[in-house]
Every structure is written in C-alpha cells, then in structure tokens.
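Dear colleague,

I am handing over the structure below, together with some notes on what was found in it. Please keep it open beside this message as you read.

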Amino acid sequence: MKPVCNKVSVKVPATSANLGSGFDTAGIALEYFDSLMFALDESQDVSVIIHGEGEDTLPKDETHLVVSTFRKACKIFGLPNLRFTLEARNQIPQARGMGSSASAIVAGVAAAWTFAHEGELNREEIFEIAAAIEGHPDNVAPAVFGGLTMSWKDSDSQEFHTVRYKVSKDISVSVFVPNFELSTELARRALPANVPYGDAIFNVSRAAMIPVAFGALNGESCDAVKSNLSRNELLFEATQDALHQPYRASLMQDSWDLVEALREAGFAAAISGAGSCVAVFYAVDSALADSQIDKIAEPWLSRDGWRVLHVLVDSTGVIATCE
C-alpha cells in the first residue's frame, strides 16, 4: 500500500489518569499538547527533531517511542517501511504522570493510520492498537477520544474497552509539575499484592462518582443534585483514594505533601497518574480560583524547577491530518 499523502500533522493532548479513586481506570484529557509533523523523505531512513520537553534527553533514532510505534502501526495498516523526518514540538513533561508515553504511542498510531487512509480518524481502531502497545488503556483512552474516560481490559477476549463521558465546561485543572521524575515501573513496584477489603469498597464508591462529579449536574443526566453537594464537594469526594497513593507517597514525598496541603484546604487534589505531578480539579465558577491554589502551593513553587500549569479539559482528543 502506498501512503495517501506526503505529510501528516498530529496534535495529541496530555492526560491525567487515576483521578484519585479511579486507579488504572479513569483518565482525562488536558488542553496541553505535543504537536508533531511527519514528512516523507527518501534521502534518509529516519530523522528526528525535538523542540521543548525531552529535546536533550529523548532518542533521535528508531528507538524514539513515537518512531517505534509508528513502525508497528504501519505494518498493521499495510504500509511499507517509510522514510521520513519527524519534527516534534513537545509540551508534555516526561515521566511526570501526564501521559507522555501514552501520548507518544497515540501520536505514532494516528500518524500511521492517516498515511494509510482517507477520511476521518477511526478512533476505535487507533485506541485498540495504542492500548495494546501501551499495555493498559487509562491514559491512551483520553488521549484518543478526549474528555473523561473509564477504561478496562476484557479478561476473556483481552480486548480493551472504554466509555467516554462529556466533562462540564466549568471544570478547570491546575497541574503542578515538580523538579523530579518518577518511573511508572518504580511506582508500580511500591503497590502491595493485596489490599484491605474496606479500602477496595472505599475506592469503588468514590470511583462510581467520577462521571457525576466531572459531568452534568442539575438533573441533566443524573440526580446528583439531590446529594446536596456542590460541584467542588463532589470532585473532592470522588478523588479520594486508599488503593495506590498512600503506598507511593514516600517515592514522591514533596508531591504527596502538596496533595495533602491542597486537600486540607478543600481542593480535589490527587497525584496525576503514577506521579510525580499533582493535579487539582475544581469548578471555575466557584470561589476556588487559580490564585488561591497557587498561594497554597507557594512553598513548592518557590523551589527550583517546580511550575504550575492552569489548563482546561480537552474534549477532542488526538487530531491527525494530511498536509
């Protein structure tokens, strides 16, 4: 099969997974993007140019995650071993819990799909391939579909599935990016083989609230208003967790201390993904504003390398187009 165009541009959002209670299940897309351009070039096998995050640390050859994923996806779609230049403009921090690996995988699969097909992206196919490569779907799903997703792997068919929920437009997110990385592998090794039954029930009850806390209220799609909780109170309750964050706290003590400081002030804060970023979710039409959050976090932001990103939820997911 010949590619249908010579250039493909891809824009893929950062993500935040777990959202406190939804361990390995929940994820949300953020309006903070990596932008990539694939240009076919017969003069060389592959050339990788990186601007921004990872420009001094990421590989610039076939071992780059976007490139290796692109190669795998090209084979699936029947494309030959294409020669190309990849120019990436990265905003998503590396190894911080904002889905940089999942976003790279989604970008590679989406680019290959676009070189092989006419028309709109087949997001379901891109999701299935990307989740299989990543090994779990919680970051992949929001990167592909946008919005809020709850995802799982079927134990019989081994297929990945996700349900996408719309997110209320009044939800805002602050992400605190620390000055240190944390590998997902190390974070997973900190988890126990078994957890107390009560902790499992605790998380199930909170995770069930996630779509309501982030979605429509006032009777539009549920009767959550009858709980007499405000939007921010619902977010606070839904992001409680007993399954993973306490076991990982010592690996990122500074981040965990910030989570506790924000939650003591009533903010729905949680470790983003496996860490080390801290995500805070709140309603923009309330008294809980960016400036208040920054004030609480001032001791952390005064440290070298710490920064904060005030972003909204991305409702679109990955975009890939022929140029």
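Aspartate 45, at 47% relative accessibility, counts as partly exposed, a label for residues between buried (under 20% relative accessible area) and exposed (over 50%), worked out with a 1.4 Å probe on protein chains only. Before going further, please note that this is a predicted model, in which local features need pLDDT of at least 70 and side-chain atom pairs count only at pLDDT 80 or more, while totals for chains, interfaces and linings use all residues. Residues are numbered from 1 along each chain as its sequence is written, and side-chain values use heavy atoms, with hydrogens and water left out.

Salt bridges

Side chains of opposite charge can pair when their charged atoms come close. A salt bridge here is a side-chain nitrogen of Lys or Arg within 4 Å of a carboxyl oxygen of Asp or Glu, and by this rule the count comes to nine.

Aspartate 45 pairs with arginine 83, their closest N and O atoms being 3.3 Å apart. Arginine 83 sits in the loop between α1 (65-76) and β4 (84-90), and aspartate 45 in the loop between β2 and β3 (46-52), so the pair ties together parts that are 38 residues apart in sequence. Arginine 83 is also partly exposed, at 35% relative accessibility.

Glutamate 53 and arginine 307 form another salt bridge, at 2.6 Å from N to O. This pair links distant parts of the chain, since glutamate 53 is in the loop between β3 and α1 and arginine 307 is in strand β10 (residues 307-312), 254 residues apart. Glutamate 53 has a relative accessible area of 24% and is partly exposed, and arginine 307 counts as partly exposed at 29%.

In a further salt bridge, arginine 188 meets aspartate 24, with 2.7 Å between the closest N and O atoms. Arginine 188 belongs to helix α5 (residues 184-189) and aspartate 24 to the loop between β1 (7-17) and β2 (26-40), 164 residues apart.

Nonpolar cores

A nonpolar core is a set of buried Ala, Val, Leu, Ile, Met, Phe, Trp, Tyr and Cys residues joined through side-chain atoms within 4.5 Å. The largest one has 46 residues, and those with the most contacts inside it are Val10, Leu36, Phe38 and Phe70. Its largest share, twelve residues, comes from α2. Apart from it lies another core, of 29 residues, among them Tyr32, Ile92, Ile210 and Phe214.

Contact means heavy atoms within 4.5 Å. Not counting residues up to four places away in sequence, valine 10 touches several residues, including Leu36, Phe38, Ala107 and Val318.

Helix α10

Helix α10 (residues 253-264) has twelve residues and reaches 16 Å from its first C-alpha to its last, close to the 16 Å expected at 1.5 Å a residue, where the expected span is 1.5 Å times one less than the number of residues. Which residues of α10 are buried? They are Ser255, Trp256, Leu258, Val259, Leu262 and Arg263, and because they cover an arc of only 155° around the axis, they lie on the same side of α10; the arc is that of the directions from the helix axis to the C-beta atoms. After α10 comes glycine 266, whose phi is positive, near 95°.

With best wishes

Notes:
Helix = DSSP H or I, 4+ residues; strand = E, 2+ residues; numbered from the N terminus.
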